[in-house]
Number of protein chains: 2
Amino acid sequence: MKTNSILRQIREQLEASGHRLTPQRETVVKALLQSGKRHLSAENVFMESKRLLPDIGLATVYRSLELLESLNVVYKLEYGDGQSRYELNPGSDEHYHHHLICLECGAITEFNHDLLEEIEGKIRAETQFVVTDHCLRFFGYCKKCRASIDKSPEGSVT
Amino acid sequence: MKTNSILRQIREQLEASGHRLTPQRETVVKALLQSGKRHLSAENVFMESKRLLPDIGLATVYRSLELLESLNVVYKLEYGDGQSRYELNPGSDEHYHHHLICLECGAITEFNHDLLEEIEGKIRAETQFVVTDHCLRFFGYCKKCRASIDKSPEGSVT
DNA sequence: CTTATTGCAAAAGTTTTGCACTATA
DNA sequence: TATAGTGCAAAACTTTTGCAATAAG
């Protein structure tokens, strides 16, 4: 169980910035950790946290997520459905998981690739902007849905 | 002025799906077209539309954007600040503008690159998922903010 | 004791919905 | 005259904030 080492590191980051790792904050981290799926809405985090620490309040969850996000411990993601999702900062090995979102069935799958490093180098060279993270989503049609779509004339994309 | 041809095409798409190009919907499209900057919040679109058609209502703007989005005439974007942005479906030539978002000052600049085509080809080969669009955002620190940040030990990113 | 943190409830902000009215085929 | 579409206001939702109470150094 690497939970402890993760928590230790987070405690250090918090204390380095003058904050404490309170039971509530620890619970929020655990909620994110425990959940198999990685992208929880604030409400999801709240419910999960509530199970671990029944007295925790929703505002505290939001405040914890905000604080952890400012420390880059947590990433905030937007799926475009009106609510934010949160995930623990995945280690460098998971930095390159991107999402394939099917416009037909809505399925979200992951695709790993590190070709972005090239682009990031180019960005740095051309704009002096140093990339520390990125969010890449591809929209299109998954294999399954492509099979059921054979009506449109421009169906054979590129 | 290619506005008319754009509107004609949108009218066709609307009618093909059993809807009309009402003055309100036309105004929403014009608002998106006229605005130099491309990413308007719903409120922005509303204000712009209001200027063109004073009696238009906010709900109508939302409903128009929703409808146009369902026809892929409009794209809905999330910046992560709690409100959606909208842009007209940019032609293929503008398909590759990506965003550089500074974590320090929040500035959003654009970066154009087509290296994603390689990745998209790979995705298609490996997963049978056909990409029709993508959303790529890079997070990091812009030149200006990097200059003012020289405290953190790991400041010299990569 | 002094300050950070919390929970609750209220507030704020964005987006959606109900409904009567209007315009259009 | 049916039906899609609209404007207004209310409602719904997510997120933030004010504040008194609590916990921790």
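**One serine and its surroundings**

Modeller: Let's start with A:Ser84, which is buried, with a relative accessible area of 16%. Buried means under 20% relative accessible area, exposed means over 50%, and partly exposed is in between, using a 1.4 Å probe on the protein chains only. Before we go on, please keep in mind that this is a predicted model, where local features need pLDDT of at least 70 and side-chain atom pairs count only at pLDDT 80 or more, while totals for chains, interfaces and linings use all residues. As for the bookkeeping, residues are numbered from 1 along each chain as its sequence is written, chains are lettered from A and ligands numbered from 1 in the order in which they are written, and side-chain values use heavy atoms, leaving out hydrogens and water.

A:Ser84 sits in strand E3 of chain A. Strands (E, at least two residues) and helices (H or I, at least four) are DSSP runs, numbered from the N terminus. Setting aside residues up to four places away in sequence, A:Ser84 touches A:Leu40, A:Ser41, A:Ala42, A:Lys76, A:Leu77 and A:Glu78. Here, contact means heavy atoms within 4.5 Å. The chain also brings A:His39 into the picture: this residue is 45 residues away from A:Ser84 along the chain, yet their C-alpha atoms are separated by 9.1 Å.

Now step back to the sheet. E3(A) belongs to an open sheet of three strands with antiparallel pairing, in the order E1-E3-E2 of chain A. Its edges are strand E1 (40-41) and strand E2 (74-78), each of which pairs on one side only. Two strands pair if DSSP finds at least two bridges between them. E1(A) and E3(A), which covers residues 84-88, run antiparallel and are joined by two bridges. In that pairing, A:Ser41 stands opposite A:Arg85. Helix H4 of chain A packs on this sheet, touching E2 and E3, and its direction makes about 105° with that of E2(A). Such angles run from 0 to 180 degrees between N-to-C directions, with axes as lines fitted to C-alpha atoms, for helices over the stretch in contact. As a general rule, the side chains of a regular strand alternate between the two faces of the sheet.

What lies beside our serine? A backbone N or O atom of A:Ser84 is 2.9 Å from a phosphate oxygen of DNA strand D. That is a polar contact, a pair of N or O atoms within 3.5 Å; within protein, one must be able to donate a hydrogen and the other to accept it, and residues adjacent in sequence count only if both atoms are side-chain atoms. A:Gln83 also reaches a phosphate oxygen of DNA strand D, with a side-chain N or O atom at 3.2 Å. For A:Tyr62, a polar side-chain atom lies 2.3 Å from a phosphate oxygen of that DNA strand.

Widening the view, 20 residues surround DNA strand D, and the closest are A:Tyr62, B:Thr22, B:Arg25, B:Asp55 and B:Thr60. A residue is near a strand if one of its heavy atoms lies within 4 Å of it. Of the atoms of DNA strand D that come within 4 Å of the protein, 75% belong to sugar and phosphate. H4(A), the helix that packs on our sheet, gives the largest share of this surface, four residues. By class, the surface has six nonpolar, eight polar and six charged residues. Ala, Val, Leu, Ile, Met, Phe, Trp, Tyr, Cys and Pro count as nonpolar, Asp, Glu, Lys and Arg as charged, and the others, Gly among them, as polar.

Chain B takes part as well: its helix H2 (23-34) and its H4 each supply at least two residues of the surface near DNA strand D. Within H4 of chain B you can find B:Ser64, which counts as buried because its relative accessibility is 3%. B:Ser64 is in contact with B:Arg25 and B:Val28, leaving aside neighbours within four places in sequence.

Finally, back in chain A, look at A:Ser35, in the loop between H2 and E1. A:Ser35 counts as buried because its relative accessibility is 13%. Its C-alpha atom is 9.8 Å from that of A:Glu87, a residue 52 places away in sequence.
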